[in-house]
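Here is a short briefing to read with the model open beside you. Have a look at the structure first, and then follow the points below.

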Amino acid sequence: MHKVLVPKYSGAHRFACKRLLSTFPALPADNLPPIGLALYRALLRQCRPSTKDTPWLGETKSLVQQNFRKYKKLQSPSQTVNALKAGYEALDLLSLSHTNQHDAHRIRTLVAQARAQKDKYAAMQRKIRPIAPPAKPLTPKKARKENSIRLQEETTQRHPNATSVLNRPRPLGDKKRNVPVLVNARGLPFLRYKKPQPRNVSGVIRKKLGCRWDWIERRDRLKIELLFAKDEEEWDHITKTKEPSTWSEHPANAIADVNAKIGHFDMRAKELADNMWKIILAERALAEEEASQKQPKQ
């Protein structure tokens, strides 16, 4: 049984193609029939609009590419010859369309027919396309995730009518009172009434803790500077040099200032925690009182 020979993998076939490629070199030849590479390159060159009066030539490029993709896997010699004849006829038509109005009108008609056929096929596909199945209901895990994302987007900014958290407890009427929980976020207290946490609260916590961490890093750098300052004072003592002020005076003052800021921050956090704990005790007392009032009398 004879082995099936694919034309584009034939050396003789590709050698015949080289003669055609001598006029149009540097053509990517991976996915096209070798015998039609030069023809393909020539057609694409003719599809470039030469003047402002021939913008329709640009629309023929997609038709050329579409047909070459359609016939790139041809193996039948008779089909390949017919496809090449049609391609060379199209090349002659394009080359003459720049000067011949009759050929230009013919190309415009072919382009319009191809566009109409494409629109007709798309409309037919839309009619026979099956109706999309109903969306699957979200799982509880995905529903919680989407609700959390939506809440984060809604709580990006602080509500304009929001009051201070220290203005509690507040009367709730018939609603059930929710006792908050005191949370310690790396030394910064806050009251958590429910989860997930609002995004603006997270932003305030990150900002305050970031400021405190910057002070700590500044203090560490100043301690290193203080060591160098003491070395300079030792050198002045050896060389008996007198300065109007000591080298370690300014780093020491800066360290004291940073320590004062950190201490003030921690003191305010402690006072805030004490006030929040008083709010929790008051909320608990009110919750027990309201629960006892709602119980039916026996």
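Y121 sits in helix α5 (residues 101-128); helices here are DSSP runs of H or I with at least four residues, strands are E runs with at least two, and both are numbered from the N terminus. Together with M124 and I128, Y121 makes a nonpolar surface patch of about 340 Å². Patches are built from residues with over 30% relative accessible area and no salt bridge, joining like charges within 9 Å and nonpolar side chains (Val, Leu, Ile, Met, Phe, Trp, Tyr) within 5 Å. This is a predicted model, in which local features need pLDDT of at least 70 and side-chain atom pairs count only at pLDDT 80 or more, while totals for chains, interfaces and linings use all residues. Residues are numbered from 1 along each chain as its sequence is written, and side-chain values use heavy atoms, with hydrogens and water left out.

**The chain as a whole**

- The chain has eight helices and two strands, and along the sequence they follow the pattern α-α-α-α-α-α-β-β-α-α.
- Of the 298 residues, 23% count as buried, where buried means under 20% relative accessible area, exposed over 50%, and partly exposed in between (1.4 Å probe, protein chains only).
- Among contacts (heavy atoms within 4.5 Å) between residues at least 6 apart in sequence, 59% join residues at least 24 apart.

**Salt bridges**

- A search of the whole structure finds five salt bridges, each defined as a side-chain nitrogen of Lys or Arg within 4 Å of a carboxyl oxygen of Asp or Glu.
- One of them pairs R177 with E283, with the closest N and O atoms 3.0 Å apart. R177 lies in the loop between α6 (140-154) and β1 (181-185) and E283 in helix α8 (residues 249-294), so this pair ties together parts that are 106 residues apart in sequence.
- Are R177 and E283 buried or exposed? Both residues are buried, and a network of salt bridges links R177, E283 and E290.
- R212 and D266 form another salt bridge, at 2.9 Å from N to O. Because R212 lies in helix α7 (residues 199-239) and D266 in helix α8, the pair ties together parts that are 54 residues apart in sequence.
- R212 is partly exposed at 23% relative accessibility, and D266 is partly exposed at 33%.
- K261 and D257 also meet in a salt bridge, at 3.7 Å from N to O. Both lie in helix α8, four residues apart, which is about one turn of the helix.
- K261 is partly exposed with a relative accessible area of 32%, and D257 is partly exposed at 40%.

**The β hairpin**

- β1 and strand β2 (residues 188-192) pair in the antiparallel sense over five bridges; strands count as paired if DSSP finds at least two bridges between them.
- V181 has R192 in β2 as its bridge partner.
- The hairpin has two residues between its strands, and R186 takes a positive phi near 55° there. R186 is exposed, with a relative accessible area of 63%.

**Backbone features to check**

- Most residues other than glycine have a negative phi, and most peptide bonds are trans.
- Which residue in the loop between α7 and α8 is worth a look? K240 is found there, and its phi is near 55°, a positive value in a residue other than glycine.
- K240 is exposed, with a relative accessible area of 76%.
- A cis peptide bond joins R168 and P169, with omega about 5°, and P169 lies in the loop between α6 and β1.
- The peptide bond from K195 to P196 is also cis, with omega near -5°; P196 is in the loop between β2 and α7.

- S202 lies in helix α7 and counts as buried at 16% relative accessibility.
- The side chains of S202 and Q197 are joined by a polar contact of 2.7 Å. A polar contact is a pair of N or O atoms within 3.5 Å; within protein, one must be able to donate a hydrogen and the other to accept it, and residues adjacent in sequence count only if both atoms are side-chain atoms.

Notes. Areas by Shrake-Rupley, 256 points an atom, 1.4 Å probe, with all protein chains shown as cover.
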